[in-house]
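Subject: Structure for you to look at

Hello,

Here is the structure I promised to pass on. Please open it first, then read the notes below.

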2 protein chains.
Amino acid sequence: MKTHLACIPCFFRQILEGARYAGISPQLQKKVMDEFARAIPQVSLRSSPPEIALIGYGILKKVNADRDPYKAIKQKSNRLALKLYRKLKRKAEHSKDRLLKAVELAIAGNIIDFGAKNNLDINDELKKILSKEETFVSRRKLFHYRSFKKVLKKSKTILYLADNAGEIVFDRILIEEIKRIYPEKVIYVSVKDKPVINDALMEDALFCGVDKTALLISNGADAPGTILPLCSKEFKRIYMKADMIISKGQGNFESLSRARKHIFFLFMVKCPVVAEETGRRLGDIVLLDNRENGPFRN
Amino acid sequence: MKTHLACIPCFFRQILEGARYAGISPQLQKKVMDEFARAIPQVSLRSSPPEIALIGYGILKKVNADRDPYKAIKQKSNRLALKLYRKLKRKAEHSKDRLLKAVELAIAGNIIDFGAKNNLDINDELKKILSKEETFVSRRKLFHYRSFKKVLKKSKTILYLADNAGEIVFDRILIEEIKRIYPEKVIYVSVKDKPVINDALMEDALFCGVDKTALLISNGADAPGTILPLCSKEFKRIYMKADMIISKGQGNFESLSRARKHIFFLFMVKCPVVAEETGRRLGDIVLLDNRENGPFRN
């Protein structure tokens, strides 16, 4: 999707949040904001939001000497989510429609996000997930589960674009459910190559045991989304080969909503711009088949 | 007060909001944002937030050929608030402490603000005011009413810095109450000289009948607050002469919190930065004596 003007204030908020997380001095924080402000007149709103946010995160990274300010918080998310693994698993197993429940849980896990939200209390949020998902059914308007099942059935190779650390445990539940039904499917799970916000890296995916059920790959980039021209050749090869893409999170939706591949976007609506773009409401859980839904494809 | 880094995203949000209100094309809206972004590296965080916001509103004004995009909404606020006049008056009159009630109502009127809030539904907000003020007592921590009364009693000349259109009807209630107790006091009410957001202008003050109870003056400026160096000589003369300043709204607080005059700030806390600065919570109603309270004076 294109960037909306309303994304600009939000970029500044996110970059500042990142700078604070990085623990750099207020002077350096201001410097990061200034550099990003200088870039704004150069950006085109035809770019997707993650393409513009990337500029800000790039500035921050340079100032912060390539450190990973979210490392500790990612590890904490992983540990907390892993503790829930058995509970989540049982939830899926005891459901009438196990696949649907696994899809819902995977989307619920998308609540673990530091880009769109400030001051996230992981414990609180995870508790909320488990209570909230009971009410998800009522928020499932335009939920393309039927086509998801259909496309899943006929797809041999699936590329699953992971989003955040911690959340990836929820992804594992869904992937295991898919593997249980279709053991023959080849499922790749891609993670970011280098740190960006709390996005999952290879170490997070390994720590959360995703390698036990899928083939892990890096996408070769460090954008808060999937910006294909920045991804590695190897990743693009698998992306092109895949019969179905399962894409997690708003960042991946924002960067891939105009893509030609058959993609199912799974995410929670976390900002008014994406709500407007998809015709959903803030907080809605979305399972969106890009072949079924036209209006957002700009 | 100084500008916080967290104000920067908010400036962009406000300027965009203003540009949308102005009804200019998305291209021009982007141009306004770009121009403002170019200014950011030049601004010092030692400036107060209204000083920086003013740069943005100045850009917008130039692009918008000095039109007043909020004119209609200001007129609507005035009309709606005037309709409440009798009801507000009765509320004050039937209270045990009429002055206190009038102070509370004046602060409640500060809810009418388009700078800090998006998509304000005036009708809804005004209804909320009248229901909400019943609960104000519980939110009145650090409410410097006692010193307000004391200073009011001994002040001969009072300067009342108005904030928004519509809200000025609520100010009128308070000023009338002061005049009822102390008919001999000289009370000036200052409004902005030229349009900025929905701040009250002379025409709003006249329409709302404030001239029936106080001496109306323009402050000679169009900043979203009171930036003394930008105000007219005449205004500064009255400001210096006044024994007591009653200052309405966050913008005036932000721009005058470091002033030497004896000022009572009346406002609702509308953003986390001012909440932090004053040790209050979002939504709190504040009556703050700048001689009693030290921590915010930076």
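Start with helix α2 of chain B. Its buried residues are B:Gln29, B:Lys30, B:Val32, B:Met33, B:Phe36 and B:Ala37. They take up an arc of only 155° around the axis, which puts them on the same side of α2(B). The cover over these residues includes α1 (7-22) and α2 (26-39) of chain A, together with α1 (7-21) and α3 (49-63) of chain B. Keep in mind throughout that this is a predicted model.

The length of α2(B) checks out. The helix runs over residues 26-39, and at 1.5 Å a residue its 14 residues should span 20 Å; the end C-alpha atoms are 20 Å apart, which agrees.

Now the partner helix, α2(A). Its buried residues are A:Gln29, A:Lys30, A:Val32, A:Met33, A:Phe36 and A:Ala37. Viewed down the axis of α2(A), they fall within an arc of 155°, so they line one face of the helix. They pack against α1 and α3 of chain A, and against α1 and α2 of chain B.

Next, the contact between the chains. On chain A, 17 residues are in contact with 17 residues of chain B. Helices α1 and α2 of chain A each supply at least two residues of the side that touches chain B. Which helix gives the most to that side? It is α2(A), with seven residues. By type, the residues on this side of chain A divide into 12 nonpolar, one polar and four charged.

Then α1(B). This helix is mostly covered, with 11 of its 15 residues buried. Among the buried ones are B:Cys7, B:Ile8, B:Phe11, B:Phe12, B:Ile15 and B:Leu16. The buried residues of α1(B) pack against α1 and α2 of chain A, and against α2, α3 and α12 (272-278) of chain B. At 1.5 Å a residue, the 15 residues of α1(B) should span 21 Å; its end C-alpha atoms are 21 Å apart, which agrees. After α1(B) comes B:Gly23, whose phi is positive, near 70°.

Within chain A there are two domains to look at. Domain 1 covers 7-63 and domain 2 covers 71-289. Between them, 12 residues of domain 1 are in contact with 13 residues of domain 2. On the domain 1 side, α1 and α3 of chain A each supply at least two residues. The most comes from α3(A), with six residues. That side divides into seven nonpolar, three polar and two charged residues.

Some totals for chain A. It has 12 helices and six strands. Of its 298 residues, 50% count as buried. Among contacts in chain A between residues at least 6 apart in sequence, 72% join residues at least 24 apart.

Last, the core. The largest nonpolar core has 174 residues, and those with the most contacts inside it are A:Tyr160, A:Leu266, B:Tyr160 and B:Leu266. Take B:Tyr160. Leaving aside neighbours within four places in sequence, B:Tyr160 is in contact with B:Asp171, B:Ile175, B:Ile187, B:Tyr188, B:Val189, B:Ala214 and B:Ile246.

Best wishes

Key
Residues are numbered from 1 along each chain as its sequence is written. Chains are lettered from A and ligands numbered from 1 in the order in which they are written. This is a predicted model: local features need pLDDT of at least 70, side-chain atom pairs count only at pLDDT 80 or more; totals for chains, interfaces and linings use all residues. Helices (H or I, at least four residues) and strands (E, at least two) are DSSP runs, numbered from the N terminus. The expected span of a helix is 1.5 Å times one less than its number of residues. A residue is buried if 20 or more other C-beta atoms lie within 10 Å of its own, exposed if 12 or fewer, and partly exposed in between; C-beta atoms are placed from the backbone. The arc is that of the directions from the helix axis to the C-beta atoms. Two residues are in contact if their C-beta atoms, placed from the backbone, lie within 7 Å. A nonpolar core is a set of buried Ala, Val, Leu, Ile, Met, Phe, Trp, Tyr and Cys residues joined through C-beta atoms within 7 Å. Ala, Val, Leu, Ile, Met, Phe, Trp, Tyr, Cys and Pro count as nonpolar, Asp, Glu, Lys and Arg as charged, and the others, Gly among them, as polar. Domain bounds come from an automatic or database domain assignment.
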